[in-house]
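Please view the structure alongside the text.

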Amino acid sequence: MNNFLRITFYASCILLGICSTAFAQDKVLKGTVKDAKGETIPGASVLQKGTSKGASTNLDGNFTITLSGPNPEIVVTSIGYTTKNIKITTENIINIQLQESSSMLNDVVVVGYGTQKKSSITGAISSIGNKDFKDQPVANLAQSIQGKVAGILVSTPSGTPGAGLLVSVRGASNPLYVVDGIPMISESNSSLATSYTTDGTVNGKGQNISSIADINPEDIESMEILKDASAAAIYGARAANGVVLITTKRGLNGKTEFSFDSYSGMQNVSRKIPFLDSQGFIELQEDARAQDLKRYNQDPLVFGADFNPAVLTNPLPASWRTGVNTNWLNEVFRSAPINNMQISARGGSEKTKFFVSGNYFNQQGIVIENFYKRASFRFNLENKVSDKVTIGTNSSFTYGRTRRSFNDNTYTGVVTNAIGASPLMPVYNPDGSYSEYGSYQASWLSDNPVKSAKEIKAFTNNYRFLGSIFAEIALVKDLKFRSSFSTDYSSVLDDQFFSQITSDAAAVGGKALKGSYNSLTWVNENILTYQKTFNQVHSLNLLGGFTAQASQYERSSVSAQGFPIGSGLTNLSSASTINNAPSDVYGWGLASFLGRANYAYDDKYLLSISARYDGSSRFPSNIRWGLFPAMSAGWVISKENFLKGSETLTNLKLRFSYGLSGDQEIGDFQFLSYWNPSRYDGIPGLKPRNTGNPNLTWQRNRMLNAGIDFELYNGKLSGSIEAFKGNRTRLLNQTPLPSTSGFNDYTTNSGNIENSGVELSLGATPIKTNHFTWNSNFNISYIRSKIISLDSDNQLISPYSDLFNTHILKVGEQVGSFYGYKYLGVDTQTGDPMYSTEKQVLGKATPDYFGGWTNNFKYKAWDLAVSTQFSIGNKVYNLIRATYQTLGWSDEGWDQNNELQQVYANNATIVNKRWRKPGDITDIPRASMMTPNYSQESSQFIEDASFLRIRTVNFGYTIKPKNKKSFSSLRLYAEAQNLYTFTKYYGFDPEVSSTGGGSPNTAGIDYAAYPQARTFLFGINFKF
């Protein structure tokens, strides 16, 4: 018994000792993290060094963390601040102050299926955070990176409200957008065309509707652009043109913070083309007749044996002298309001975090009757079910409504007609009806421009849902599994009606179109991640997974004609004739296996290897699968002993990468020959739809990248230099077929295009004091796209089905090369234009260099941001200038009495610089009524479109009260967008591409594209 008691006593002592030791090892630490000015820092990370225990500060900068072990040490980090290590002894409550840092090495960057510290990245990834654009309102997420990221060319081919921006990653257009892990459909899916030829035939889509405009920019936390194959190969088949990763805002633990953001402003045409008034129009015509009369007197046969010179001497008829003086651009352009309003809330606890927002955006177009409206709602939720399981959802719903006008890529557009309209033509007749263009002096017109804008009603309604649910499970220490299911649903409804009084529909009694497009894409991703540090120097991150994606879409439309005159009825049920009702259903699927291994030794030597194995239903089953591997390596030289501790060169890293990515972006079932339903004289039947290619397979894109990252004086000056070379091989192209085949072309793998270039990014903080800070960021890129091989060389192409060839695809030349006769100037003795005898390459649409420079200044509560963008060496084929520089050509517009009734079009005031007498030196030929002294098929209208644009100027004042019970901050600001453009280009805008820029092969055509607007607005950011 005594032995038992003795043993029990000793055991109890040992147990109490163990328990006391255990309790001594566990410690609950509370604290607050603030900056040097005493402002709390939400979202800061607090980790116990050497463990996986961590917490983040809430909206008030507070945190709670349970520490273990003797003498624990915590590491406190936050983006934009210097990392701080603190050893904890007896404290239970601690106040921490972080110092601002110019260094971004500790910033966390989103990569494919995970995150990495910027200091560990070995691929070419550019990142832009919410802090870089949060106080600068943008309508489209692509505007957030415009001119701010090296290698990324973001241009605005049209100023149409709701239209997309053209995003090119290292020369490849239309990258993959991934929003919170959801691959997003980004093309325009409207079935409504706003582009027609003069005979009413559909010619292109005209104004494109941007799918990425469905994403509210104010919901975005950060964007990462994966530029090289190493960074993007983990997305395999979908990464051919680069990847843009978009992360939306998340909740934070702590009390809920509400935010109200709003801005309102006015828009105007940023650059107008000055046109001749009535007097100038008449003087031009009289000069043209006088010049031609001189020629006739020198050679009576110059205009043909049957020519009657009376047309050159008869007085102009009375219809030319009515006193009317219409400025048509002023009639179709207007000052238009723009408004945006958003309210959001973010908050939560350590277990549950949420972000919710609602937004309404309303932009009236600078062309009359045109508008774009968008309402959106977002809800992001994350719940920590237990220490091992986290679940969540990210979802957004968007409704957009657009009234589109006939502009861009069309001969019969509102702006196009306004450019050619005679100033002698009034908008309305005395009785209030529209004046008829056929009664006035410009044969170019297809209708009264104001009538077209008001009486052609084209609406597009878009419904979009993006949503995902996910679960993340910590299986064992250092190993976690994440599974997600995402959907992208889009429904686009089009409604178009041509009034019976428009020239487009007068012959058929009015016409209408209704169209619908429904698309559903789902994605399931299952990712296993292992992360471990061995012996404090070996860091290993392994990732593997399986994903599946499928998409199905249905497109249908119905067109009709013949509506009761004056009834106001526009529904298809009111039409007398149903013309056409096409309907298509398509779908495709993609299955993928993926893996990646990242290794770092002492954070000094870095290696990354990844691969993705994709199988696509768009290729035959025997060649359906493609492997896309990549590798990259990095050497952090600044951690070597010979540089370690340097106060000047605080970071220097060399990077190298090589990888493959694929492309499957073709139509469905292109490898098959199949039939479609058809009607023959009212009898149902079938007709061949496609010529299949059983050898069709993946396009292969390979890229080699070398980069240097550097940082001086702990980030006061930092930057990177990238050099790359890539080849897009086995291009998925449409190869022409002989007309006897019954088909225009078929899909093949042919051709090789080389993209190479150099990128430079610089960031600096020239001044940083307690009251004043100046941050500056500059980037410049050189990119060249060269054709190495083609299935058929010297292909002449055009962006318009009924226009002469404007471009050429030729081995050794760049993509987007113009083709035609070289303009040799004006003969100083005769005033006649001179051209080469043979056609040749006349330049290209892509710039030699492009980039931007952004400067941010902050003085106490005042801030100023100035952002510029530049492009050098790009040209634009100004085809519409061939309309307003016709120099008096009449197009045989006289009657049987030799009285001049009309000429081709009004002219811009630039024709006042024309040749008038022998010895004049000018590049504009003499006026002529009989001879078109211009050639569309020449470099006469191919202009240097280099530009420097002051993109935004934002000036604001922020109020932060010491007592935050009422509100936490209030910022008032004023902004000017598209303030001024320095360019020699004689058109509305040098960034233009009337085809929407969607086809690089025929880019850079200006056919009176919708101009960009200059915007002045005032806004408020209110947090409470």
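Arginine 378 is buried, with a relative accessible area of 4%; buried means under 20% relative accessible area, exposed over 50% and partly exposed in between, for a 1.4 Å probe and protein chains only. This is a predicted model, in which local features need pLDDT of at least 70, side-chain atom pairs count only at pLDDT 80 or more, and totals for chains, interfaces and linings use all residues. Residues are numbered from 1 along each chain as its sequence is written, and side-chain values use heavy atoms, with hydrogens and water left out.

Arginine 378 forms a salt bridge (a side-chain nitrogen of Lys or Arg within 4 Å of a carboxyl oxygen of Asp or Glu) with aspartate 219, the closest N and O atoms being 3.6 Å apart. The two residues are 159 residues apart: aspartate 219 is in the loop between β15 (182-184) and β16 (220-226), and arginine 378 is in strand β21 (residues 371-384). Strands (E, at least two residues) and helices (H or I, at least four) are DSSP runs, numbered from the N terminus. Aspartate 219 also counts as buried, at 4% relative accessibility.

A second pair consists of arginine 170 and glutamate 759, with closest N and O atoms 2.6 Å apart. It links distant parts of the chain, since arginine 170 lies in the loop between β12 (166-169) and β13 (172-173) and glutamate 759 in strand β38 (residues 752-768), 589 residues apart. Arginine 170 is buried at 1% relative accessibility, and glutamate 759 is buried at 2%.

In total, the count comes to 40 salt bridges.
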